[in-house]
Structure formats: C-alpha cells, structure tokens
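Q: Could you walk me through this one before I set anything up? I'd like the overall picture and then the charged pairs.

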Amino acid sequence: LPQSKQIVIFGSEENRKMVEKLIAEIDLPTLDIFKEKTFNLKHADPDQIKLNIEGLYETTAGRFSSYSYSRGTSRSRYSIVNPEDAVKVVSYPTLKKVTVIASEQNLKKIENQIKEWDVPIDVEKDQYRIISLQNSDPVQMVNLLDKLFTEGGADSSSSFMRFFFGFGDDGDEQKKIVGTLYGTLTFEAVPDTKKIIVISKIPEAYDVIEKLVKQLDSQEMAEVPRVITLKYADAEDLCDQLNAILNEPGTTATLQRSQRGLSVDTMSGTTISEPSGNQTGSATTSTKTITPWWDKARRDDQQMPASNLIGQVRFIPVHRSKAILVLAPPKYLDSITKMINQLDQPGKQVMIKAVIVEIDHNSMTSLGIQLSTNPDAFGLEENALGFLTKLLNTETRGALTLTTTANVNILIDLLVKKVNARILNQPTLWTKDNEEAVFIKGTEVAFITASKISTEASATDKTYNYKDVGVTLRVRPNITPEKAVDTTINLEISDVATERINDQVAVSKLNTTTHVIVNDGETILLGGILFQKDSAVRRKVPLLGDIPVAGALFSHEETLQTNNELLAFITPYVIDEQTTEEAARQIEEPVGKMEAIMAELKEIFEPNMPQEATD
C-alpha cells in the first residue's frame with residue numbers, strides 16, 4: 001500500500017512475526033530526518049542517561065504486538081512507532097559522553113532532559129537510609145520488601161505459571177497496588193546486625209519505607225491469659241466443666257460427679273447411700289466421674305465443629321485467689337468472660353431446724369383417746385390436728401415420714417405438756433445447696449481394733465479406734481428450680497450396752513435414712529423409731545414406807561418396761577434474696593436472744609468495770 005506506506009502480509013502467525021522483524025531491520029530512517037549530537041556529562045552516569053532516554057523513547061520503528069495470558073483471560077496489545085520517533089543512544093562511560101541520534105524535535109527535548117539529569121549530587125538529600133530493627137529478622141524483612149517493591153522479588157517460576165495457567169504473581173497488578181515506588185527501591189541486610197540498608201531513586205520514599213518497616217517490626221501484643229476472679233463458683237469445678245465442653249473430640253476430659261447421698265456411717269464405717277442405692281464414695285473423695293461421649297469420638301476435620309471455640313480455649317483454676325486463667329483468641333475473650341459471669345452465681349443456702357423428741361406411747365394413747373372424744377379440746381388448727389392424728393398411728397405403722405405446714409412449736413409444746421415428751425436435742429444447721437450438714441451429740445468411745453502380745457508375753461499392745469456414740473443427724477439438701485428441697489436425712493441413735501460381748505464394748509443403735517422432697521419451710525417428721533426402756537420403780541405406803549428399816553415392809557421395787565418413740569422434726573428453710581417471712585423470723589429469733597443476753601451481761605458487769613473498758 002504505497003500511499004499509506006504499509007505492507008499486508010498473509011501467512012501463519014509465526015511467519016508473519018518473522019517478516020515483521022526483517023522489515024524493522026531494513027526499514028531504517030533516512031539520514032536527512034535525524035540529527036546526531038554528543039553530550040559531555042559533568043555529573044551524571046552515561047549508562048544511566050542512556051537507560052533514561054531509552055525508557056522514554058522507542059529505539060525501533062514499526063508495528064509491534066504483545067500477547068499475555070493472566071487469570072484465565074488473554075490480552076493483545078498493538079503499537080505503531082513512526083520512523084521519526086525512533087531514537088538511538090550510545091554511551092561512553094569512560095569519556096563521560098552520550099551520543100544521541102534522533103529527529104531535530106526529539107533532540108531538543110532530549111537536550112533539555114539531559115541538562116536536568118546532569119546535575120551534581122545533593123548531599124543534603126538521602127542517598128540511602130539505614131533502618132535498625134528491634135524484633136524482626138533483617139534477612140526476612142529484606143525478602144518481604146523485595147517481594148513488595150522490586151521487580152526481581154517474585155520467583156521466576158511465577159511468570160511461567162502466570163503465562164500458561166493464569167495464576168501467580170502479576171507484575172502489572174502488583175505495580176498498581178504498590179504504586180510509583182514499585183521498582184525504585186533496593187534493600188540489603190547488613191550482616192551480623194539487626195539493620196537493613198534502603199536505597200531509593202526517590203528521596204521521598206525513605207520516610208514511607210521507614211514508617212512501613214517500623215509497623216512491621218513492632219512487637220506484637222502478647223496474648224497473655226486473662227484473669228477472671230470468681231465471686232461464688234468453685235474455680236476447679238468450673239474449669240473442669242468448661243474444658244470438658246470445649247475440648248476437641250478424641251481428647252480426654254472428665255468431670256467429677258456431684259456428691260450424693262451421705263458420708264460414712266459413724267459406727268459401721270460404710271457409706272450411707274441414697275435410697276436408690278447410688279454410692280458415691282466417701283465425703284471427701286468421689287471415685288465417680290462423668291466422661292463426655294465426644295471424648296471417645298474420632299476427630300473429623302471435614303465436619304464443622306459445634307462451636308468455633310472448640311479446641312481454641314484453655315482454662316486453668318487458681319485456687320488461692322479464687323480465679324480462672326483464660327487463654328483464648330482476643331476476639332472471643334469478652335464473650336467468654338460474659339459466660340463465666342453468668343455461671344458465677346451465688347449458691348443458695350439452707351437453714352435446717354431440727355427438734356429430736358422422745359415420747360411415751362402410753363401417754364400418747366391417752367392423748368389419742370382425748371382427741372377422739374373431743375377434737376377441739378386443745379384448740380388446734382385443722383392442719384395441726386390432722387398432723388397429730390397421723391402421729392398417733394406411728395406405733396402401728398412403724399417408720400413414718402410426714403410433711404406439714406402447721407406450727408411445729410405448738411405441736412411440740414403440746415407433747416411436752418400433755419404426754420411428758422422430752423426434747424433431747426434442738427440444733428440449727430446451716431449448709432449450702434447439695435452440701436452435707438452433720439450434727440453429733442454424744443461421747444467418743446474407744447473400741448479395740450487390734451491387739452498384739454509381746455514376744456516375752458509380758459504385755460499386750462492394743463490399738464483403739466474412737467467412734468461417736470450418741471445422736472448423729474446428717475442432712476444433705478438439694479434445692480430444685482421450684483425452690484423445693486430434695487432432702488436426704490439420716491438419723492442415728494446409739495448407746496453403750498450394759499453387757500459386753502466377747503469382752504468388747506457393745507453398742508445398741510437405731511438408724512434410719514429417708515429421702516423426701518418438701519417445699520420451703522415445710523416440716524419433715526421422722527417417726528416410728530420405737531424402742532423399749534426399762535425403768536426401776538419403787539412403790540410404798542405413804543409415810544410408813546419412809547420409816548427406816550421397817551419401811552421395807554411397806555414398800556417394794558419393780559421394773560417397768562415402757563415403749564418409747566423417737567420423733568425428729570426437721571424443717572429446711574431456703575435462704576436467698578426471696579427468703580420467706582418464716583425463715584426470716586427463724587433467723588431473727590436467735591439474734592434477738594443473743595442481744596438480750598448481751599444486754600443482761602452488760603447490766604451485770606458494766607458497773608464493776610473500769611471506765612477505759614466500757615469505752
């Protein structure tokens with residue numbers, strides 16, 4: 001095409017490219033278009049000036065195409081360089097000269113640019129900068145900066161993967177992200193020091209790089225455990241529960257079962273179990289544990305966990321300071337702290353009022369006759385009357401457990417006045433939810449557990465074990481969500497027998513264990529604990545029976561056998577923010593008595609005390 005000075009080439013792509021290359025070598029510009037000029041340099045490097053000019057102008061005229069494949073898409077680029085736009089540059093480093101062949105118009109531009117480049121070095125501007133590191137490794141820092149800012153930082157294999165498969169580092173995309181600093185920086189680590197050298201063609205880049213390096217070299221915030229102080233919960237138990245729920249499948253995590261039943265029997269040394277027969281060991285150590293099912297499950301990396309906290313959190317109890325150490329990713333710590341605060345709630349307390357009464361059944365029979373003939377004789381309310389009627393039947397029914405909302409004090413006063421009942425003990429016990437409370441009144445009696453005769457047969461060594469003999473009351477209350485009290489009660493009455501067995505101390509014992517659920521403030525009656533009692537009675541004729549010596553003729557002694565029954569009135573009161581009026585009265589009553597006693601003592605002793613003591 002002569003008019004447009006173009007040639008159309010037909011053939012394969014390979015042949016077309018070969019012809020384009022031959023034409024570019026032949027199609028050189030005519031000499032009358034170009035001018036040649038040699039520049040003498042004073043300060044600049046000739047090779048650097050050549051690189052700068054070739055970076056601005058094309059050195060070959062013609063039509064050029066480029067092909068690239070990146071991220072699944074292909075791109076083709078075409079450019080046309082006119083002959084008058086081509087520039088040839090030859091540098092002479094030793095002579096500090098540069099020869100330029102270009103059109104007159106381009107030559108004037110290049111001359112002005114060389115004047116701007118050929119200037120002395122400004123020593124006030126940074127030619128390099130040394131940056132000291134505090135925490136990072138200099139070699140690793142340099143490798144990271146090379147990958148970000150230098151063209152040779154990427155692995156050579158990435159170009160191969162990018163061209164053929166469409167992935168890998170892409171220089172153009174990286175240049176767009178980094179900006180004008182891409183390819184203008186050089187980094188080098190100083191051996192045996194924690195320093196790196198930065199060399200830049202742009203002095204303003206030093207501040208940018210130094211700021212970036214300081215941010216990268218900053219010490220990471222240590223993810224230290226958080227200390228969470230507990231108010232009410234037990235640190236060890238709570239840690240066991242949290243570790244068990246958040247442990248990974250296939251790892252071991254066991255939970256101690258809560259204590260059930262009652263502690264070891266005083267006399268026999270065996271464990272007092274719940275009525276269901278679930279023995280849980282001694283009062284101090286439980287051999288029963290709960291093993292979650294996921295402890296034995298196989299870990300499946302393909303299955304999503306039930307929570308993103310599983311395997312990410314650790315809990316350690318600090319018993320001395322009643323705290324928990326929590327090690328977890330920072331983004332989860334606030335949620336974990338909130339959960340622990342929800343679990344750290346105050347446990348409810350239980351006040352147990354117990355009255356143990358001994359009554360004579362003959363007197364109870366007389367009382368029953370009076371009630372049957374005139375139910376209103378004693379002025380009892382309906383609940384108390386019905387409760388007393390059931391109480392009269394304990395001799396025929398045997399062991400009996402009743403609950404009532406009647407005023408127990410009125411019933412006990414009636415029994416004391418009408419049937420000569422004796423109050424053996426009247427303790428008040430305090431305990432926490434699901435904690436055992438124990439009351440013991442008696443004597444420690446020595447029992448021989450082993451005896452050993454010396455080799456000379458001159459002495460016998462005996463080993464004794466002391467056990468409590470008397471009244472023992474054990475109660476374990478468990479408060480339900482409805483504020484009812486699930487109670488396990490054991491009452492033991494023991495006494496040393498008059499006769500010895502095998503030359504050993506013998507003990508007679510009455511023992512009963514019951515399990516009952518009552519509402520807050522209701523009274524539990526343990527009845528039907530029957531025993532016979534021998535009493536020596538001396539009968540005489542009035543006046544005559546008191547005459548010395550001769551009085552024996554008018555008197556005689558006999559042994560009476562009476563049937564007695566032991567009654568235990570047990571009333572649990574739940575103490576919390578919503579304590580009932582009756583429970584509050586039971587608390588305030590002993591406090592009032594104590595204040596009255598203190599006032600009486602003060603009146604007695606204060607007048608005789610010196611002024612300093614009263615102050």
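Q: What should I know about the source?

A: This is a predicted model, in which local features need pLDDT of at least 70, side-chain atom pairs count only at pLDDT 80 or more, and totals for chains, interfaces and linings use all residues. Residues are numbered from 1 along each chain as its sequence is written, and side-chain values use heavy atoms, with hydrogens and water left out.

Q: ok, how many helices and strands?

A: The protein chain has 15 helices and 23 strands, where helices (H or I, at least four residues) and strands (E, at least two) are DSSP runs numbered from the N terminus.

Q: And how much of the chain is buried?

A: Of its 615 residues, 32% count as buried, the term meaning under 20% relative accessible area, with exposed over 50% and partly exposed in between (1.4 Å probe, protein chains only). The chain exposes about 40,300 Å², of which carbon and sulfur atoms supply 51%; these areas come from the Shrake-Rupley method with a 1.4 Å probe, and for residues only the protein chains shown count as cover.

Q: Which residues of E4 are on the covered face?

A: Val89 and Ser91 form the covered face, while Lys88, Val90 and Tyr92 form the uncovered one. In a regular strand the side chains alternate between the two faces of the sheet.

Q: Now the charges, how many salt bridges are there?

A: The count comes to 8, a salt bridge being a side-chain nitrogen of Lys or Arg within 4 Å of a carboxyl oxygen of Asp or Glu. One of them joins lysine 37 to glutamate 111, with the closest N and O atoms 2.9 Å apart. That pair links distant parts of the chain, since lysine 37 is in strand E1 (residues 34-40) and glutamate 111 in helix H3 (residues 104-117), 74 residues apart.

Q: Are those two buried or partly exposed?

A: Lysine 37 is partly exposed, with a relative accessible area of 30%, and glutamate 111 is partly exposed at 24%.

Q: What does glutamate 210 meet?

A: Its side chain meets that of arginine 129 in a salt bridge (2.6 Å, N to O). Glutamate 210 lies in helix H7 (residues 205-217) and arginine 129 in strand E6 (residues 129-132), so the pair ties together parts that are 81 residues apart in sequence. Glutamate 210 is partly exposed, with a relative accessible area of 22%, whereas arginine 129 is buried at 17%.

Q: Which salt bridge does glutamate 436 form?

A: Glutamate 436 forms one with arginine 474, the closest N and O atoms being 3.7 Å apart, and both residues are buried.

Q: And what about aspartate 520, where is that?

A: Aspartate 520 is in the loop between strand E21 (507-518) and strand E22 (523-540). Aspartate 520 is buried yet has no salt bridge, the nearest side chain of opposite charge being lysine 483, 4.1 Å away; for charge, Lys and Arg count as positive and Asp and Glu as negative, while His and the chain ends are not counted.

Q: What does its side chain reach, then?

A: The side chain of aspartate 520 reaches the backbone nitrogen of valine 574 at 2.9 Å.

Methods. A polar contact is a pair of N or O atoms within 3.5 Å; within protein, one must be able to donate a hydrogen and the other to accept it, and residues adjacent in sequence count only if both atoms are side-chain atoms.
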